[in-house]
Amino acid sequence: MSTFSRLIRFLAKDGRVYYGDAILASGITNIAKASQARVIRGDLFGKHDVTDQIAEVLLLLAPLAREDVKTIRCLGLNYEQHAKESRMPLPKYPVLFHKPVTALTGPFDNIPVAAPAQQVEGLDYECELVAIIGKEARDVPESKALDYVLGYAVGNDVSHREWQLKRGGGQWALGKGFDGWAPFGPGIVSSTLIKDPQRLKIGTKLNGQTVQDSSTRDMIFGVAKTIAFLSQGTTLLPGDILFTGTPQGVGAGRSPPLWLNNGDVVEVSLEGIGTCTNKVEYVQSMPKL
């Protein structure tokens, strides 16, 4: 449904921000390595053209600008082995929560940790397959659900377990919705290139050491089933982003727990798409107005 192959949004060497179709060398699939792109003109979710204009990539940004994103829906406990390490029963229905649009950030941006999240340990990583809806979807059958996907990216559902589980009043959003806590990218690979999102290797490295290593086939609710379920009586819009859950190996599931700290570097990777590399940065509180 899209004319691009690997969509990126980037700051070019001419100082302008473009959408583009990443140009990769033969045999390279990690979009993070893109140094050039063909500029895209038009509506990403409608008629658009991949032009012959080639721009030099200075910095990859979040693949979608904030104004092009509608909602961020996320699934919890959606990998069988992750549910087991969390000592939770396998869910009968998808466990849904939302992140604010302000949580989105780019594939190389720092992960800002605000003062409230510095008060107690509990900062955690979660590599996730991210699906982007490309056209309106309502009451979609599972057999047709992937036709509504624009493409796929990899993301990190950064979470603070204390705020998620103890200080959130029973809701997860506070512990997962801080600014900059949803880095994703490094680009969006067209659904025409990834025919089966349930056969991809996915993983996380923390300071160079592998901490998550799995496959999307371990999902309890695959992408198609998730879209079919979420579109029951609810319209999914072009630009809706779906974080589809994380596999086993999170810090909270280890003994002792493995929490993120200031200066740590987290790499989340997805086969056929690439890697987001983000550094944890403790930040000072914003001045009061």
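Student: How many disulfides does the structure hold?

Tutor: A disulfide is a covalent bond between the sulfur atoms of two cysteines. This is a predicted model, and it holds zero disulfides.

Student: Is Cys 127 buried or exposed?

Tutor: Cys 127 is buried, with a relative accessible area of 0%. Cys 276 likewise counts as buried, at 0% relative accessibility.

Student: How should I read the strand that contains Cys 127?

Tutor: In a regular strand the side chains alternate between the two faces of the sheet. In S10, Cys 127, Leu 129, Ala 131 and Ile 133 point one way, while Glu 128, Val 130 and Ile 132 point the other way. Seven of the seven residues of S10 (residues 127-133) are buried, so this strand is largely enclosed by the rest of the structure.

Student: Which strands pair with S10?

Tutor: S10 runs antiparallel to S11 (residues 149-156), and seven bridges join the two. Within that pairing, Leu 129 has Val 154 as its bridge partner. S10 also pairs with S16 (residues 241-243), in the antiparallel sense, over three bridges; there Val 130 stands opposite Phe 243.

Student: How many residues of strand S1 are buried?

Tutor: Five of the seven residues of S1 (residues 6-12) are buried, and the strand is mostly covered. S1 pairs in the antiparallel sense with S2 (residues 17-23) over five bridges, and Leu 7 has Asp 21 as its bridge partner in S2. Four residues lie between the strands of this hairpin, in which Gly 15 takes a positive phi near 90°. S1 is also antiparallel to S4 (residues 48-60), over three bridges, with Ala 12 opposite Val 57. With S13 (residues 182-190), S1 forms two bridges, again in the antiparallel sense; Arg 6 and Val 189 are bridge partners there.

Student: Which residues touch the most other members of the largest nonpolar core?

Tutor: In soluble globular proteins, nonpolar side chains tend to be buried together. Here the largest nonpolar core has 52 residues, and those touching the most other members are Ile 8, Phe 10, Leu 129, Tyr 152, Trp 181 and Ile 227. Another core, of 23 residues, lies apart from it and includes Leu 7, Leu 44, Ala 103 and Leu 104.

Student: What does the lining of the largest pocket consist of?

Tutor: The largest pocket holds about 330 Å³ of space. Its lining has 22 residues, of which Leu 77, His 82, Ser 86, Arg 161 and Gln 164 are the closest to the centre. By class, the lining divides into eight nonpolar, eight polar and six charged residues. H3 provides the largest share, three residues.

Student: Which strand gives the most to the lining of the second largest pocket?

Tutor: S14 gives the most, with five residues. This second largest pocket holds about 200 Å³ of space. Its lining divides into one nonpolar, seven polar and four charged residues; among them are Ile 202, Lys 205, Asp 213 and Glu 267.

Terms used:
Residues are numbered from 1 along each chain as its sequence is written. This is a predicted model: local features need pLDDT of at least 70, side-chain atom pairs count only at pLDDT 80 or more; totals for chains, interfaces and linings use all residues. Side-chain values use heavy atoms; hydrogens and water are left out. On a 1 Å grid over the protein atoms alone, a cavity is a set of points where a 1.4 Å probe fits but cannot get out, and a pocket is an open set with protein on both sides within 12 Å along at least five of seven lines; lining residues have an atom within 4 Å of a point. Grid points are joined across faces, edges and corners, and a volume is the space filled by probe spheres set on the points. Ala, Val, Leu, Ile, Met, Phe, Trp, Tyr, Cys and Pro count as nonpolar, Asp, Glu, Lys and Arg as charged, and the others, Gly among them, as polar. A nonpolar core is a set of buried Ala, Val, Leu, Ile, Met, Phe, Trp, Tyr and Cys residues joined through side-chain atoms within 4.5 Å. Buried means under 20% relative accessible area, exposed over 50%, partly exposed in between (1.4 Å probe, protein chains only). A disulfide is a pair of cysteine sulfur atoms within 2.5 Å. Two strands pair if DSSP finds at least two bridges between them.
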